[in-house]
Amino acid sequence: LKSLSPVTLLKPQGQFLKHFFLACVLLVEACTCPVCFGHLETPMTLECGYVCCQRCLDSLWKEPLAEGVLCPQCSILSEKDSTVHHVQLDRIVSKMKKLEPRLRAILKLNPRIKKFQVDVTLDVDTAHSHLAISPDLRSVRYAGSAQRGSSGAERFDSPCVLGSPRLESGRSYWEVDVGTSREWDVGVCADAASRRGPLQLSTEHSFWTVGLRLGKIFAACTEPTTELRLLPRLRRLGILLDAELGVLTFCDVADGGHIFTFTGVTARPLRPFFSPANTLPDDRGILRICPVVWVAQDSPREPPMHTEH
């Protein structure tokens, strides 16, 4: 187990190991309480199937006229006597705790993943008019005033910008430096995702992103949103897309730690997505696409992983 990593899992002959990696991701998520974000302790199941720690039941919203709690996801009322101890999940969590060091090693980013780097730049034609784009097309910030004309069918009505190239197949990896900004969203979206009206970041609208709010709240744009337990010191994200599996993984470049993995990323083509701070007047944060740094390869480079742009 200790020898497994995303770079091992992405080799063409490692189909079984790729699915094993995804199983590890899902196992960690299944054993995490959605309320306290710690390991499930005495997991309790509501009538609708929602699971949380027994001690976390007290923090759920109580129905004033009934002895029960409302599910924070679907708002179905569960009477106090109808909540049950999920014995089987409790056993799984206990076993997972023993395996956790090995699971974290599996999910840790291996530096050799950089063999799948793509040279990502910002597509000015898609940028909101209030975004300032650097001459080298690698940095973006919210300027607060028009930097270019607001017309154009490809341009977003909300302050964000897409990257090039379009990603169709294979494996693609790039890094984004978020610096000290207290608000941002990065990831990918379908090239056909709606660009008109208010931005709706969710997997249901073909956006697969992670983001930060108020300098401390990290979240993945699942439906409903998944809050992430990360330290504010996060500065650089590694983003790895396996188009064949439909998997998008985010890692902390500083320590290789796993941040979040989306599955079912099936839209094609995909585009890198960037949205800098725009609601915090004192946040002048800049998102920077890190330049490609080629590494020594222990195997022939794979064929191109994207279409021309």
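The following legends describe close-up views of a predicted model. Local features are reported for pLDDT of at least 70 and side-chain atom pairs only for pLDDT 80 or more, while totals for chains, interfaces and linings use all residues. Residues are numbered from 1 along each chain as its sequence is written, and side-chain values use heavy atoms, with hydrogens and water left out.

View 1. Strands here are DSSP runs (E) of at least two residues, numbered from the N terminus. Strand S16 (residues 247–252) runs antiparallel to S17, and four bridges join them; two strands count as paired if DSSP finds at least two bridges between them. Phe250 has Phe260 in S17 as its bridge partner. Five residues lie between S16 and S17 in this hairpin, and Gly256 in the turn has a positive phi of about 75°. Strand S17 (residues 258–262) is mostly covered, with four of its five residues buried. Buried means under 20% relative accessible area, exposed means over 50%, and partly exposed lies in between (1.4 Å probe, protein chains only).

**View 2. The aromatic pair of Phe156 and Phe273.** Rings of Phe, Tyr and Trp (its six-membered ring) pair if their centres lie within 6.5 Å; planes under 30 degrees apart count as stacked, over 60 as edge-to-face and the rest as tilted. Five aromatic pairs are counted by this rule. One of them joins Phe156 and Phe273, edge-to-face, at 6.4 Å centre to centre and 75° between the planes. Phe156 lies in the loop between strand S8 (139–142) and strand S9 (161–164), and Phe273 in strand S18 (residues 270–276), so the pair ties together parts 117 residues apart in sequence. Phe156 is buried at a relative accessible area of 3%, and Phe273 is buried at 0%.

View 3. Because Phe207 belongs to strand S12 (residues 207–213) and Phe273 to strand S18, the pair ties together parts 66 residues apart in sequence. Phe207 counts as buried, at 2% relative accessibility. Ring pairs link Phe156, Phe207 and Phe273 into a cluster.

**View 4. Cysteines without a disulfide.** A disulfide is taken as a pair of cysteine sulfur atoms within 2.5 Å, and a search of the whole structure finds zero. The closest cysteine sulfur to that of Cys36 is in Cys33, at 3.8 Å, too far for a bond. Cys36 is partly exposed, at 28% relative accessibility, whereas Cys251 is buried, with a relative accessible area of 3%.
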